[in-house]
Amino acid sequence: MVNQINKNLLESKIIRKLDLSDLMLKLWISKPENYSFKPGQYCTIGVNGIERAYSIASSPDEDSLELFIELVDHGELSPIIWKMNVGDKLTLRPKAKGIFQIKDTNYDNYLLICTVTGIVPYVSYVRYFLNNNSHNMKFHILQGSSYMEEFGYSEELLTIAKEYPDFVTYLPTISRPQDARNEKWQGMTGRVNIIVEDYINEKQLNIENTIVYACGNPDMIIDIKDKLGQNIGFKVLEERFWK
Ligand SMILES: Cc1cc2nc3c(=O)[nH]c(=O)nc-3n(C[C@H](O)[C@H](O)[C@H](O)COP(=O)(O)OP(=O)(O)OC[C@H]3O[C@@H](n4cnc5c(N)ncnc54)[C@H](O)[C@@H]3O)c2cc1C
């Protein structure tokens, strides 16, 4: 039975919390009966009337809503979430929202570019389309972060990419290779909006066979829209996490 706090808000509960670092955590919250969403949509959760949007990493067929949250310095809600525990209650707006979805399944390639938590909608796409990919779409996921501990889904994505190389390619890159926190990093370096140009050439992606998605940091999105959209002519869909 769905517990309705008032006529606009549902109740949800933290069922699992995983701290990945001082600044990143994963949260699984209960999914009220009849709550539905499409891969790529976001939910709006709240505590004491402070509400924020969070993209959903789960596939719609999962039992809970999985969120990947970054602690924002001097933010209002994220520091509160940091102190919450399993069993604590949150509010949930009754409808998931957002048009950052895969509506056109006719492209061969989906170039999915993101920074840090911007990976979340792409995780949902991968989990869902792994079992629903009748059009043989290929996802090329490029994720940029400052620090290696910010790649909260690299293990899952690399595993799927290894098993289904025609379905997913995953390329994480860090922008601060000299920082002590990255001393164990052995992968790609450079900003994601820079390395994407070589990637496009190497994989021979073009405006007929590829659509571009950009999610996360607004400066990265502006640059991608400029370089790949305006200059080359790719169709670019975007989801900005802040202004
Ligand atoms: C559609 C959508 C989906 C989102 N999905 C996620 C998600 O999956 N994971 C996630 O962690 N956040 C996500 N966000 C951001 C989230 O809604 C909050 O803005 C964020 O958690 C900060 O909330 P706060 O109350 O702590 O800080 P606020 O008090 O709201 O913000 C403080 C300041 O920080 C800015 N800001 C917000 N987020 C960041 C950031 N990551 N880095 C730097 N500055 C920031 C705000 O614009 C503001 O200027 C999403 C936002 C949108 C619009």
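How do the residues of the shell around the ligand divide into nonpolar, polar and charged? Point 3 has the answer; first, some orientation.

1. **Ground rules.** This is a predicted model, where local features need pLDDT of at least 70 and side-chain atom pairs count only at pLDDT 80 or more, while totals for chains, interfaces and linings use all residues. Residues are numbered from 1 along each chain as its sequence is written.

2. **The chain as a whole.** You'll find five helices and 12 strands in the protein chain (helices are DSSP runs of H or I with at least four residues, strands are E runs of at least two, numbered from the N terminus). The radius of gyration is 18 Å, which agrees with the value near 18 Å that a compact globule of 243 residues would have (it is taken over C-alpha atoms, and the globule rule is 2.2 Å times the number of residues to the power 0.38). Along the principal axes, the C-alpha atoms fill a box of roughly 50 × 45 × 35 Å. Of the 243 residues, 38% count as buried (20 or more other C-beta atoms within 10 Å of the residue's own, with C-beta atoms placed from the backbone).

3. **Around the ligand.** Now for that opening question: the shell divides into 10 nonpolar, five polar and five charged residues. Here Ala, Val, Leu, Ile, Met, Phe, Trp, Tyr, Cys and Pro count as nonpolar, Asp, Glu, Lys and Arg as charged, and the others, Gly among them, as polar. Of the 20 residues around the ligand, Gly75, Leu77, Ser78, Thr117 and Trp242 come nearest (a residue is near a molecule if its C-beta atom, placed from the backbone, lies within 6 Å of it). Strand S4 gives the largest share of the shell, four residues. The ligand shell takes residues from both domain 1 (10-92) and domain 2 (109-240), so it lies between them.

4. **The two domains.** The bounds of these domains come from an automatic or database domain assignment. Their centres, taken over C-alpha atoms, are 23 Å apart. Domain 1 puts 15 residues into the contact and domain 2 puts in 12 residues, where contact means C-beta atoms, placed from the backbone, within 7 Å. On the domain 1 side, strand S2 (24-30) and strand S5 (64-70) are the elements that give two or more residues. S5 gives the most, with three residues.

5. **Phe37.** Where does Phe37 sit? Look in the loop between S2 and strand S3 (42-47). Phe37 counts as buried because it has 21 C-beta neighbours inside 10 Å. Leaving out residues up to four places away in sequence, Phe37 touches Cys43, Ile56, Pro60 and Ala96.

6. S3 and S4 pair in the antiparallel sense over six bridges (strands pair if DSSP finds at least two bridges between them). Val47 has Ile50 in S4 as its bridge partner. Two residues lie between the strands of this hairpin, and Asn48 in the turn has a positive phi of about 50°.

7. **The parallel sheet.** Trace the order S10-S9-S8-S7-S11-S12 and you have an open sheet of six strands with parallel pairing. At its edges are strand S10 (188-189) and strand S12 (236-240), each pairing on one side only. Strands S8 (residues 138-145) and S9 (residues 168-174) are joined by seven bridges. Gln143 stands opposite Pro172 in S9.

Key
A residue is buried if 20 or more other C-beta atoms lie within 10 Å of its own, exposed if 12 or fewer, and partly exposed in between; C-beta atoms are placed from the backbone. Two residues are in contact if their C-beta atoms, placed from the backbone, lie within 7 Å.
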